[in-house]
Amino acid sequence: MVEIQCPECGEKGCDKCDDRGFIPLTSCPNRMVSSELRQVIRLADFYEKGLPPVAGGALDQSNRFIEACEFLWGEQAHLKRVTGKA
Ligand SMILES: [Zn+2]
């Protein structure tokens with residue numbers, strides 16, 4: 001079973017997580033996230049990789065380019081996990 005950090009208490013323990021700090025992941029978390037929040041997560045990921053959400057940044061890129069980047073970065077992360085190499 002996969003568990004994630006409790007979003008209410010950040011691993012401190014609370015009523016929502018029975019004082020465990022973690023909650024079981026029973027379905028895809030994207031089902032509980034709004035499209036607006038998914039966009040913020042997406043932009044935060046691009047910001048982490050050096051493309052800030054400013055003019056000329058992530059918001060000015062075509063959706064196809066953004067999708068291509070996400071696909072390629074996902075493949076790179078998968079290869080890194082499988083081979084242990086960057
Ligand atoms: Zn909690």
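**A loop and what surrounds it**

A: Asp18 is exposed, at a relative accessible area of 62% (exposed is over 50%, buried under 20%, partly exposed in between, with a 1.4 Å probe and protein chains only). You're looking at a predicted model, where local features need pLDDT of at least 70, side-chain atom pairs count only at pLDDT 80 or more, and totals for chains, interfaces and linings use all residues. Residues are numbered from 1 along each chain as its sequence is written, and side-chain values use heavy atoms, leaving out hydrogens and water.

So where does Asp18 sit? It belongs to the loop between strand 1 and strand 2 (strands are DSSP runs of E, at least two residues, and helices are runs of H or I, at least four, numbered from the N terminus).

Now for Arg20, which has a partner. Arg20 makes a salt bridge with Glu3, and their closest N and O atoms are 2.3 Å apart (a salt bridge is a Lys or Arg side-chain nitrogen within 4 Å of an Asp or Glu carboxyl oxygen). Because Glu3 lies in strand 1 (residues 3–5) and Arg20 in the loop between that strand and strand 2 (22–24), the pair ties together parts that are 17 residues apart in sequence. How covered are the two partners? Glu3 is partly exposed, with a relative accessible area of 33%, and Arg20 is partly exposed too, at 45%. In general, side chains of opposite charge can pair when their charged atoms come close.

Next comes the metal. Which residues hold the zinc ion? Its protein donors are the SG atoms of Cys6, Cys9, Cys14 and Cys17, lying 2.3 Å from the zinc ion (donors are N, O and S atoms within 2.8 Å of the metal, or 3.2 Å for Na, K and Ca; with water absent, sites may look incomplete). Along the chain, these donors follow the spacing C-x2-C-x4-C-x2-C. The angles among the four donor atoms run from 104 to 113°, and the site is tetrahedral (for four donors, all angles between 85 and 135 degrees). As for cover, Cys6 is buried at 1% relative accessibility, and Cys9 is buried at 12%.

Let's go back to the strands for a moment. Ile23 has its place in strand 2, and at 23% relative accessibility it counts as partly exposed. Ile23 and Glu11 are 12 residues apart along the chain, and 9.5 Å separates their C-alpha atoms.

How many salt bridges does the structure hold? Three, counted over the model. Glu70 is partly exposed, with a relative accessible area of 30%.

Asp45 forms a salt bridge with Lys49, and here the closest N and O atoms are 2.7 Å apart. Asp45 is partly exposed, with a relative accessible area of 26%, while Lys49 is partly exposed at 41%.

One last stop is Ile41, whose place is in helix 1 (residues 35–48). With a relative accessible area of 48%, Ile41 counts as partly exposed.

Technical notes:
Tetrahedral: all angles 85-135°; square planar, octahedral: opposite > 155°, others 65-115°.
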